Amino acid sequence: TQVATEFHELQHKATVLETQKVTLSDAMELEGLDFEQIDDDHKNENDEIRRTKEANLPPLSWYHANNETNDLDDEPKAKRTKTLTH
């Protein structure tokens, strides 16, 4: 019964929060505030910053794109797979 009571209390709180969210959204709309557009602009800006940072990274010394060299001497020991033989 305690779990059921807590469940119903949580459902009530979720309903109250949803009602407050709708009320705040309506109030922001009446004031002419468009927070969805601001959030979208912020996401786009963050994506552009991330792409720029990735483009400026130096190439990996141990990765060979053409896979012609299969030499493990170039690979750092930390990257090697450790296997046990019986």
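**Exercise 1. What does helix α1 reach from its first C-alpha to its last, and what is expected at 1.5 Å a residue?**

Step 1: Helices are DSSP runs of H or I with at least four residues, numbered from the N terminus. Helix α1 covers residues 2-31, which gives it 30 residues.

Step 2: The expected span is 1.5 Å times one less than the number of residues.

A word on the model: it is predicted, so local features need pLDDT of at least 70, side-chain atom pairs count only at pLDDT 80 or more, and totals for chains, interfaces and linings use all residues. Residues are numbered from 1 along each chain as its sequence is written, and side-chain values use heavy atoms, leaving out hydrogens and water.

**Exercise 2. Is tryptophan 62 buried, partly exposed or exposed?**

Step 1: Find tryptophan 62 in the segment after α2 (35-55).

Step 2: Recall the cut-offs, with a 1.4 Å probe and protein chains only: buried is under 20% relative accessible area, exposed is over 50%, and partly exposed is in between.

Step 3: Tryptophan 62 has a relative accessible area of 33%, so this residue is partly exposed.

Methods. Helix = DSSP H or I, 4+ residues; strand = E, 2+ residues; numbered from the N terminus.
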